[in-house]
Amino acid sequence: MDGRRGALRRVPFSVAQPFPSVHTIRGAARVSNEQHVLIEDVAMTYETKGGRLAALSAIDVGVRRGEFVSFIGPSGCGKSTLLRIVAGLQRPTGGRVRIDGEPPREAQRQKAIGLVFQDPCLLPWRSVSANVSLPLAVNRRPVAVATERLVERVGLAPFSDYYPHQLSGGMQQRVALARALVAAPSLLLMDEPFGALDEITRSAMRYELLRVWRAEAAERGATVLFVTHSVAEAVLLSDRVVVLTPRPGSVAAVLDIDLPRPRDEEIELDAAFLDYVRQLRALLRDRGETT
Amino acid sequence: MSLPAVGEREWSDADAALVAAGAGRRVRPWLRELAANALPAVVGMAAILGAWEAWVRLRDVKAYLVPAPSVVAERLAADPGFFTEEGLKTLEGALLGFGLGAAVAIVLATVMSQSRLLERSIFPIAILIKVTPIVAIAPLLTIWFGFGLLPKVFIAALIVFFPIMVNALIGFRSVNPSALALLESLAANRAEVFLRLRLPSSLPYLFAAFRFSIPLSVIGAVVAEWFSGDRGLGSVIYVANNNLETDTLFAAVFTLALLGVGLYLLTAAVERRVLFWHESTLDLR
């Protein structure tokens with residue numbers, strides 16, 4: 001797991017550009033046709049004292065490189081579990097996950113996964129910049145440039161020497177975002193990252209995410225899987241929204257969000273946007289309750 | 001209905017003000033802080049000593065039973081070198097013992113934090129050591145290690161070992177699960193998880209243990225001196241007690257108290273330095 005081997009391993013990713021559509025040209029196809037993440041028939045059943053508890057059943061989703069896909073569903077539908085399975089933190093009891101054709105553990109080893117949770121989970125004894133550089137430190141890769149750039153990218157350059165307890169919740173989550181992106185992962189997994197923030201900060205953070213993702217990751221074709229329970233958030237951010245049923249979670253519907261990018265506040269007043277919100281609400285209402 | 005465009009700079013400034021306000025509250029002149037913390041303690045101490053002095057004088061209590069504080073102070077002032085020297089002997093044993101006990105405790109806790117199986121095999125032995133009365137094995141240690149420093153170090157180590165080990169183990173286990181998942185997602189190995197997450201996370205627990213086991217180590221050293229000591233405050237107390245030199249006894253006890261309080265304050269000061277990031281050291285949050 002030394003740096004050199006890691007660098008060699010990464011080569012297929014950085015030169016994996018035979019897909020011209022990966023490049024971002026304003027408005028051009030940002031999403032490639034290449035499958036990046038494959039969730040194949042994934043099921044999760046827990047053995048509990050009260051018997052078997054099915055959390056997920058037969059989830060089948062393919063995500064293309066560079067795509068922004070949100071998972072939405074009622075609480076307890078297992079969307080966080082699904083994300084943990086994709087991250088390789090949990091083994092599914094059925095089916096499998098493939099990231100670039102490899103199991104998630106392999107993606108972990110290549111530092112191809114960036115994670116953001118609802119809890120910013122910054123290490124309180126590390127300064128802002130030290131927190132951001134954590135993935136590089138674990139990887140033993142050069143730290144300074146990428147760290148500095150990302151701290152600046154999320155607007156925290158004046159605070160790089162501050163400690164987490166000196167920051168507001170929104171600032172902490174921005175540090176977490178910078179940390180997730182610092183090792184240039186090809187896959188960004190976000191589990192209700194703005195769920196603990198107040199509505200105003202939350203709204204600002206959505207655009208912050210779009211802006212940072214665009215600047216840092218979209219052109220490399222970085223894929224985002226985003227778990228949320230906010231309909232507006234899912235529509236605003238995503239290329240595609242996967243609606244999950246209540247426990248055991250399964251795919252109830254998939255909604256393509258065909259809105260132009262880059263997106264800004266104006267879009268929230270757009271008729272097409274509101275229509276998607278309405279459709280998604282209806283999907284959640286119908287599939288959510290009846291199953 | 002449209003939200004105003006929220007620029008990042010705007011946010012940073014608002015947050016900066018918040019941060020500055022937070023920082024301002026904590027930057028307090030340390031002298032004032034010391035006075036604020038120490039004054040109530042000094043006043044309380046003075047009240048007790050005053051009452052004691054008054055009681056002894058008014059009731060004409062015999063000096064060999066309970067000497068007045070002034071008499072004890074006189075005894076201390078008459079021979080400060082003697083008490084300092086014996087105090088340093090005790091301190092030496094206590095600190096070496098503390099170091100040994102803490103080192104063994106942390107190493108064992110590290111091992112146990114890596115496997116439940118090892119925890120199950122080591123923990124009962126640790127409890128066995130804990131429940132063994134120190135006074136029962138103190139004479140034995142004298143037989144094994146002779147008089148002088150070694151039995152002192154061992155007894156002090158035995159006393160501090162258990163609380164530090166238990167706290168270290170809890171600390172190593174008390175990590176933020178999200179942070180653990182994050183490190184896992186980066187394919188961090190066990191050693192890296194331990195050094196980057198478990199060890200720093202355990203520091204608040206470790207310092208809590210240090211704070212009360214440092215005075216304990218002094219008690220351990222004194223107990224050892226009681227049985228085997230030719231030097232140190234423990235043997236001073238022992239000899240003074242046998243000779244009914246109650247003023248010397250109290251002077252030694254007073255020196256011990258000073259030692260214990262000093263070590264405690266030192267640990268607390270180091271803790272504030274090291275755990276600057278922990279909520280226990282932040283006055284206002």
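Predicted model: local features only at pLDDT ≥ 70, side-chain atom pairs only at ≥ 80, totals over all residues.
Because five of the five residues of β3(A), which spans residues 68-72, are buried, the strand is largely enclosed by the rest of the structure. Chain A as a whole contains 10 helices and nine strands, and buried residues make up 47% of its 291 residues. Among the contacts in chain A with a separation of 6 or more, 73% are between residues 24 or more positions apart.

**Partners of strand β3 in chain A**

- Strand β7 of chain A, residues 223-228, pairs with β3(A) in the parallel sense, and five bridges connect the two.
- Within that pairing, A:Val69 has A:Leu225 of β7(A) standing opposite.
- Strand β8 of chain A, residues 240-244, also runs parallel to β3(A), to which it is joined by four bridges.
- On this side the bridge partner of A:Ile72 is A:Val243, a residue of β8(A).

**The open antiparallel sheet of chain A**

- Three strands of chain A form an open sheet in the order β2-β1-β4, and their pairing is antiparallel.
- Strands β2 (51-64) and β4 (94-99) of chain A stand at the edges with a single partner strand each, so one side of each is left without a neighbour in the sheet.
- From one strand to the next, the twist of this sheet averages 20°.
- Strand β1 of chain A, residues 35-48, is paired with β4(A) through five bridges in the antiparallel sense, and in β4(A) the residue standing opposite A:Ile39 is A:Val97.

**Helix α2 of chain A**

- Just after α2(A) comes A:Gly88, which takes a positive phi of about 80°.

**Domains of chain A**

- The domain assignment of chain A gives a domain 1 made of two segments, 31-112 + 185-291, and a domain 2 covering 123-184.
- The centres of domain 1 and domain 2 of chain A, taken over C-alpha atoms, are separated by 24 Å.
- To the contact between them, domain 1 of chain A gives 16 residues and domain 2 of chain A gives 13 residues.
- Helix α8 of chain A, residues 199-217, supplies eight residues, which is the largest share of the side of domain 1 that touches domain 2.
- By class, the residues on that side of domain 1 of chain A divide into 11 nonpolar, one polar and four charged.

**A helix pair in chain B**

- In chain B, the axes of helix α4 (residues 80-114) and helix α10 (residues 233-242) come within 7 Å and cross at roughly 125°, and that crossing makes α4(B) oblique to α10(B).
- The contact is made by B:Glu86, B:Gly87 and B:Thr90 from α4(B), together with B:Leu233, B:Gly234 and B:Val236 from α10(B).
- Sorted by class, the contact of α4(B) with α10(B) has two nonpolar, three polar and one charged residues.

Definitions and conventions:
Residues numbered from 1 in each chain as written. Chains lettered and ligands numbered in written order. Buried ≥ 20, exposed ≤ 12 C-beta atoms within 10 Å, placed from the backbone. Contact = placed C-beta atoms within 7 Å. Pairing = 2+ DSSP bridges. Axes fitted to C-alpha atoms, helices over the stretch in contact; angles between N-to-C directions. Parallel < 35°, antiparallel > 145°, perpendicular 65-115°, else oblique. Nonpolar A, V, L, I, M, F, W, Y, C, P; charged D, E, K, R; others polar. Domains from an automatic or database assignment.
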